[in-house]
Structures are given as C-alpha cells and as structure tokens.
Amino acid sequence: MAMMETVGWQWYAAGALLLPVLGAMLAATQKGRGADTFGTLGASGALLAMLGLLATFSHAGVAAPLRATWSLMPWLPGEAGEFGLLIDGLCMILLIVAVVIGLLVVLFSAEYLSPRNREHVTEDGKGRYYFWLLMFLAAMVGLAMSPNLLQMFVFWELTTICSWALISFYNTREANAAGYKALVMTGAGGVLFVGALLLAYAFAGDFGFDALARAPREVAVAGFLMLLVAAWAKAAQVPFFTWLPDAIAAPTPISAYLHAAAMVKAGVFLMARVIHGSYIAVSALPGLGVGVAVAALVTMLIGLYFYFLQDDLNRLLAFSTITHLGYVLFGLGLGAAGVWLGFQAAMLHIMMHGFAKTLLFLVVGGVAYATGSRSISRLSGLGARMPWSSFAFGVGLMAVCGIPPLSCFWSKVLLAGAVVKLGGGVAMLLDVSLVIEATLALFWFLRVGQRVFFGEPSAAADEAVEVPRPMAAVIGALVVLCLLAPLIALPFLPPQPI
Amino acid sequence: MPLPGGMSLQLMFAALLGGAVIALILGRRPRICGWAVTAAVAVAGALGLNAGATALGSPGGLVFSLGRVGLIDAALTFRLDTLGVIFLWLALAVGLLCTAYSVAHLDPQSARSSGNEGRDLAGYYAPLMLLLTGMAAVVCISDLLFFFAAWEFMSLPAYILIIYHRRRPQALRAGLKYFVMTHLGNFGIQIGILMLYRHGGSFSFEAARLGLSQLLASRPFTANAIMALVALGFMTKAGIFPMGDWLPDAHPEAPSPISALLSGVMIKLGAYGIIRFFLGLFIPAGPGAGTLVVWGLVLAGWGALSILLGGIAAAVNSDAKRLLAYSSISQAGCVLLSIGVAVALVTSAPAAAALAFVGAVVFVVADGLHKSLLFLSAGSVRHRTGTTDLNELGALAERMPLTAATAAVGVLSVAGIPPMAGFLGKWLILQAALLQAGAQPLLAAYAVAAVVGSVLSLAYGLKYVGATFVGAAPEGRELTEVTEVPRGMRVPQLLLAAGCVLVGVWPALLIEPGLSAWGEVAAVGVGRPFPQLGITGVASQITGPGPSAAFAPLLVLVLIAVACLIAWGLSRAGRARIRQVAGWQAGLDLPAHQLRVPARGYYWPVRRYLQRVYPQIGLPRIPELTLPAILDVDRWAFDRLAGLARWIARQVGRPHTGRSQAYVAWQVLGAAAVMVLLAVLSR
C-alpha cells in the first residue's frame, strides 16, 4: 500500500509506454541472443508496469477512471492542445491484450527466428525485428491510454508504420508488396480519421471522444461515418479486408500479434471509444447502430465464405480474424443502437478473441517451424508427432468457435443475448445469420483441424518433432489464458454511460 | 457425521475433475490409470449418492448458489430435485460401470485389433471424466445460462471420445457429424434461453417461467416459437429421427464403453431437457389447454415416427453397434412419446398424464440400463473377435456364456418382455395412451405405433442375440480360440443385467420417485394414478386408475417359477429320458455352417420393402465455388484502382526523361506559352 501511494499511477503508465521503447532502442543495436534479451526485458518491463497500473486501477474501480492531462500545445485553445493519460475499463482491456500477448509473442519469437526454423531458416535481422515489434507494443499502449482522438491518431499512425515494417520483414517481393498494401489501405483510412479530427476541431473546438456529439447533427453523422470507415480499413472489414490475408507474409508471431492484439484491434478500439464517449448522441441517431451491426454481419458472412477457399492455415486464420472483428463491431453496433450488453460483449470479445487467435497463430507457427509447411492439403496426422501442439490447437479452435468453458463462448453468448434484447425483425435476421456463421465456421475449422492433426501422417508431417520447450511453454500459457480470460476481463467491462 | 448435501455435491464435481487430472498424470500406464480413475468415479458416486439422498429428503430439493455474474444477472445456482437425482444416479452408476469396463477393454495386452498399443490413455480417461462432469452438471444446475454452458460443455468431450480412433477417416467423419449436428441443435436451445432471458429479465428458472407466462399472454406465437426451437435442440441430442442421425455413425466408431455412456446416459439428457422445459416451464407458465394438447400430440407423434423408423432401420442392419444405435433412436422415440402424452393430457386427465410421465422416467432408466448393457456386450464381442459385423459371428454362447446370458437379458428388456425393466415402462405408456384414447383418438394410433415398435425391438433384439451367440460360426472363420472376457468386463455387464431385472420386478423403486418428480417438476398436484401402489418393497403391485389391469411382477415371477418347478418335478417323477439327436435336415447331412442363418438373412421382407424408409443422410459435400471472382474485392476494385494510379503516375512521369536538354526545352516552351498567353490576355 505504501508503495502504491509513493509511486503514482502516472509513473506506471509512463513505464508501460516507455519501457518497451527503451527496449526497442537497445534491441536494435544487438544481434541474436542480445536482441532477444533486450526485447524480452522491454516487454517484461511493460508487463510489470501494466500490473502496477492494474493494481492501482482495481482500487479505483471501473466507475472511476484515472485521468491526467498536460497542455503540450498551449497555442491551441481550451482542451484541444492537451495530451495525457486516460485509464478506464476500455483502456485496461486493450492494454492487457496488447501487453500480455506482446510479451508472449516476444518470447515465442526468440526461438522462432532461428536457423532451426524449417520455414524460414534465418535469424538475421533480429535487432530490427524486436525494434519494430516493441515499438508496435508501445504504440498500442499509447493508443489504449489516449484521452482524446488527436493523441489516438498519433499512435494509430505509428501502428500502421510498425505493421508495414513487420509485414515486410522478410524483404521478399511478396512480403514487400503485402506491407505496402497494408500501409496504403490503412493509411487511406487514416486520411478519413484526419477528416473527422478536423470536423471535431472546427465544430466542437477540441478532440475529445465526445467532441463529435457536441457538433451539429449532420456534422456528427459525417464525422462518425468517417471514423467508421477509418476503423473498417484498420480492422480489415469489408470492403477493405484484402490487406489482412496478404499480411500473413509476415513472420507468424507477427501475424499473431497483428491479428489478435494490435493493428486490427486498434480499429475496433477507436469505434468503442467513440461510441462510449458520445453514447447519448450516437444512440439517438436512428439506424446508425443497426447499420454498423448489419455491415459487420456482411463482413462476417463474406469472411466465412472465404474460409472454404483457403489452403494456407494462416490465411484461413486471417479470414477468421476478419470475421471475429466483425463480431466485435457487431456488438459495438448493437451498443450504439441502445443495447449496452452488446457493447460489453464486444469489449469482452476483444480479449477473448485475442488470446484464442494468438494461440492458433502460434501453434500454426510451431507447425511451420517443425514441418516447413502451412498448407492444409500437405499436412495431416500431425497429432502423433506433435501432441502438445495439436492439443493446443484443439483448445484454440474450441475457444474461437465458442465451446464452453473456453473464452469466446462467454462473449458470443452475451452477443447473442444482446441481439435478442434488440428485438424485432432485424434481430431475427441477425440471429439466424449468427447461427449460420457459427455453425459453418465450427464445421470448417473442425474439419481442417481433423485433417491437419488426425489421420495418417503425411510426408511433410512424418518427420516433424514437437516444438522446443520455450515455444511450447508460451503455447501452454495461452491455453491457460483461453480458460481464464473471462475472469480477467469481466471486472473491466464498462457500465452504461449516462 | 453426515456430509451436508451441497458440500458433497461440490466434492463430487471435485472428484470427477480430480479423475481427469489423475488421467493426465498416469495416462502412460493404462491399468493403473484406469483403476485410479475408476476409484475417482466411485468416490464421486458415493458423494453423489449422499447428495441425492439429502435432496430427496428435503422438500424443494437441494439448492445452493456459488456466486453470480451481476452484469447479466446470472448465478451459478445448483438445484437437485427428484428428477435431477434420478438422472444423476443413472449417470453416475452407468458412468462407474463403463469406466470400470474400460480398464480391461482398453488393456493393450488383452484387446484384439483395438489399436491401443502404446497409446497415452490420458486422451481417453480425461475426456471421459469431463463427460461425466458435464452430464452431472447438466442435471444439477438450474440457472439457465450455466445450464446451457454445461450442456454445450458436455458435447465437447463426447466428440473427443467419438474420434478416439484418430487415424480412421470414418471416425473423424462421424465425430464431425456428431459435433456439427448437436451444435446446430444447441443453437435452438441457446436462442430459446436468451429469449426467455430477455422477457424474464434474469437467467434464473423462476424468472424464465414468469417471462414465458407473460409472453404467452402477450405474444403467444413467439412463446411457442421459443418452445419449438428448444424442443428441436433437445431432440437433436436425444437422438430423435431425423436430428439424431449422428448416432448410427458415431456408435460404430466410438469405443464400446463410450457408446454405452452416450446412448445410455447422454442422449437421455435430451429427454431431461424436454421434461424440464416442457413440464417445468411451459405447463406452469399456463398456456391454454388446446395449445398443450397440440404440443403434446406433435411431440408424441414425432416420438412415434422415431420409434417406427428407428426400429425398422435396426431390424435391417447387420452391424451390431449400428443396430443398437438405431435401436436408441427408436427407444428415444418411446421416451418422447410418453412425454408428449403427458403434455397432451395434463389438463384433461392429470392422472393419466402422471402415468405417462412416470412411464417416461421408467423408460429413461430402463433404456439407460439395457442399452448400456447391450453396447458393453457388443464391446465384449468385438474385444474377443475383433468385429461387430453380425454376419461374421455366431455360436458364441458356449464360448462367452456370461456375455451371452446378460445380452439376452438386455434384449428381453429392450423388447419389453416382463419382468424386465423395459416392460414396466412400456406398460405404463400404453396404459396412459390407451386409457385416454377415447378422448384423443390420435393417442390410439400412437399406442399402435408403440406396439409395432415393440415388435420391431423384439425382432432386432433376437437378431442381435441370434446372430451373435447362437447358431453356427460362419465358414472359414475360426471362433474357437474365443474365450470369455476378463472379470473386469464381466462384472459391469452382470450388474447392468441385474439392474434391468431389479427395476422390472420392483416397480415401486422408480414409480415412487417418478411420481414425486412429476409433482415437483410440473408443479401440479400428484394426482395419484396408482391408488393401490402396493406395499413398497419387494412385493409391490401397481393398479392404475380407472379400468385398468394390475401388474404384480414379483407375483408373476413366483408363479412362473412355481410352474417351472412343477414341470421339472413332473419330468423327474416320470423319469423322462432326454435323447440327444442330430437335427433333421430333410435327410441330408449338411455341415453346421451351411445351415446357419447369417444376419443378412433375417427379416428379408422388411429389408426389401422398408429399407428405404429410413433415409440416409450424408454430410454435405462442399461444391466447387465460383463466387470468389465476384467477392474478391482486390480483383475488381483495389487492383484496378492501383492500376489507375500507376497509369496516371506513368503519364505524369513520361516527360521526365532525365536529360537536361529536355528540361531546358520544356522550360523554354513553357515560357513561350506563358508569354503568348499573357500577350493574348493583355490585348
């Protein structure tokens, strides 16, 4: 307790933001094990700082957000020039996801980027790798703690740059194209973000999350739609989803981070912030929330459709990510339509999906590490050679598909509950679509899982051996997190703003 | 000091989960692991027995809560009432016997062609324990959200166990089919529960009842739609045709103790769900009498359909486990039929409704016992002969006497021959249906269907026993080295057979709790349909309401025994000689195997004319898809856009040749153009 009073929560927040940056700087100068060390230290520092923050925050409770701002641009009037920290339930959820998964990905990478990796036999560029990864982590931390749209935008663009660098990490033609594509598509979304910022400043005078709500109605709608499109681009929603499946050209741990914790989650987090910040105004706009939900549903169904065409495991997971971000936006849309349970379900789903998807990506990374292949048609019978990985994949699969007691079950049930609460003919349609999506997704994932891990071992799988211990341990931690995630997230679900 | 009921229920779950942990630790040592896990189940069984006894002793059952989720107003509330106790004890008893049976059955030294060599049995026992945990949780939890969570959770270990033989593509397909079908059914339940939550405001059972009754008053269509979704969901799990079509694929692939547990207990929980939701929610919510009658007749009719189709499919099938699976579909139909009759009659003839409900409960227990028994016996046969194809078997009775005898008991019970358990259930159901047939003519038709189903069950039961245990072995297939299964497998079969007989000769054992369950669940007065439910105890005798027959199984049994004794005495007194002669084969001397009737020779008219009646439903094949070209936004939008941008850039870049002369020339030309422009403008 004494510690708590002497060390203010601002210091913890600053630590979570700056320690990974420091780690990034140091790791950039190193090679091999040195880079591993500094990378791990930076990410662990962020974790420790976050735990400190967590302890402070738990005392404050979800009803009393911590907030501190400093006027860094005094030439701007009022609150417009303020930067600072805002720690509330929303922030904590994204923070936990970004930092915990960030650390696990760093730990996994130490072994993944090695000459023993059959898919990419190299450990060159580790310094560069950790630099961008930790910067990515820091950017996500900053984004989570941003108290206004302007600061959020700064970190938003930072994540775009980091993802560009990491997707192109292998420097092949394909990887460079994918990185460039991600940069251009999400960057174009960022332009609309700027547009919304300008509208907010012009009509409300600052960049607060409720700024648009204070603007005239037409402006508010325009600004909200701009932010929505920006979020769509970032969160890989239809029609801007095509960069995400290409982004699997990145090293698999990066894909895991990109899909589960960072980048795409930034997009949905923006929407969550705006809906939470200007809830009264948003929920008063008729049809807006339901529109967001229906658009998300379209994304879910199109993403589902592409499941059936994939041969690359990572590509399949990428489309699953698109679908699940659709789930999150679906819930946020229901929240905006006045069913707050939907918003809470969406926030829950951010974390539930985060752990489950990381687990799946890392297992696939392990499979590629051991066999050199991620092709569904070339792999079968891996379970006999890699029992732990296949068990973990099964857990991840069940978690993503929403089988209790694993993570996504709880968020999906709440989501379905929110749909039912919405009521009316639209809800019926949404319900049926949800059922179709969930059943077909389960069917296909189960089929793929059975194919890859059960049956007679294929040539590619026959000489595989189980992943080395550090990777197996990270996977094990994620298995546990898939089970415990609901308990972690539940205290941070934000109550309905009044 | 007696353990409090709530505590012992929690400890029971702890013991089951502890069993899973033990399995994970000891998985590499099959025998030790098996017995340790069996011990864990035995401990759980004792605790469950204690909890159940407490629950039976306290009015309103055993109720306690382990915490709540304020966000959505759900609480982890346990409620164990009489109905729950019946199912819980059934699950624990069958679970214990199946676990014990597994030890020898999966022993790599004694199993023949089972593929268990060097396997880590953690992959078997741990999900088995989780399956038991899930089943126990389903019948103990009353909060609807957590009930649903337990329900969904139960599906998962069952799937893992069905695909136990992971290298067999058929097993994988069967598992997939099972999981997807039950999952689809679960969605109906999920949506139903969420709708009840929306209208009741809380996940508690009482709130749901209140919400449903309001809904029935204001929007009856929605209320009935909810019930329809829920019914479809539970019927999928219960194995009702056609949603239960996963059973015939899953059973031949699953290890036999798992088949026994799935058919004996898990699909019965589908019936449990229907009872809870229709009798516990729907009836007390107060729909009109007409609605209830329609619902009851629909459910009962569906049950009758399932009885007939399942029975026919079983009669024409030649694989032991597939045959038994179809039999499960048929018997599940019996349970659904009786529940439907109870729902239909609850307002007009409460006594007959109670009779039908008790019939359902008896049937659940009876089928739980005899179906597990038969699956275990099929497992024993496979264990020793390596096959379940009835065409390949024969004359095993002399080599496996106990298995044969217990299988015969099971078959008699399935067919509903007194004094076995199956008869008691059938008797009650038929009585309820026939007594009220005057008021509801459809019920008479259903009763006829039940009788036909009963004949079919005798047919396929005799086929199973006849083709496996009597007759002659097929030519070229030496079954002489076959011996009786080890004791660890014999004892569970024996106990299950004893259970079948016990329930049959001691009706009060199940009828009393069945009646009090009826009162508790449906919250209606126990219209005692058995005015003369004789002395509770061994000499029980039941007499139904109105003009009905009495049934005193023990008395009948004693009389039959006496008659047998007299016959034996007469034969002894007359010094009758018993001659052993060869069978007369029209004067020919044929070897035994040519005379044998293989399984495919049974009931050929049924096969010829009715085989197609049970449609075969395969997994859908994914068609070749052409839509990607349309849906691929890259191809028609973003790539085009990028192409356009590139084209513009190229056009802009064309003048930039890199030669300084060209730039100078451009500048000169530009300057000249500006001058001309200025000259023109300033004129």
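Reply: The model is predicted. One definition comes before the rest: a residue is buried if 20 or more other C-beta atoms lie within 10 Å of its own, exposed if 12 or fewer, and partly exposed in between.

Me: Why is Arg399(B) called partly exposed?
Reply: Arg399(B) has 18 other C-beta atoms within 10 Å. A residue with 20 or more would be buried and one with 12 or fewer exposed, so Arg399(B) is partly exposed.

Me: Where in chain B is Arg399(B) found?
Reply: Arg399(B) is in the loop between helix H13 (350-385) and helix H14 (401-415) of chain B.

Me: What makes Leu479(B) a contact of Arg399(B)?
Reply: Two residues are in contact if their C-beta atoms lie within 7 Å. Leu479(B) is in contact with Arg399(B), as are Val482(B), Thr483(B) and Glu484(B), leaving aside neighbours within four places in sequence. For Thr480(B), the C-alpha to C-alpha distance to Arg399(B) is 7.8 Å, at a separation of 81 residues in sequence.

Me: How many residues does each chain bring to the contact between chain B and chain A?
Reply: Chain B brings 32 residues and chain A brings 32 residues. On the side of chain B that touches chain A, H6(B) gives the most, with 14 residues.

Me: What makes up the side of chain B that touches chain A, by residue class?
Reply: That side divides into 25 nonpolar, two polar and five charged residues.

Me: What percentage of chain B is buried?
Reply: Of the 683 residues in chain B, 54% are buried.

Terms used
Residues are numbered from 1 along each chain as its sequence is written. Chains are lettered from A and ligands numbered from 1 in the order in which they are written. This is a predicted model: local features need pLDDT of at least 70, side-chain atom pairs count only at pLDDT 80 or more; totals for chains, interfaces and linings use all residues. Helices (H or I, at least four residues) and strands (E, at least two) are DSSP runs, numbered from the N terminus. Ala, Val, Leu, Ile, Met, Phe, Trp, Tyr, Cys and Pro count as nonpolar, Asp, Glu, Lys and Arg as charged, and the others, Gly among them, as polar.
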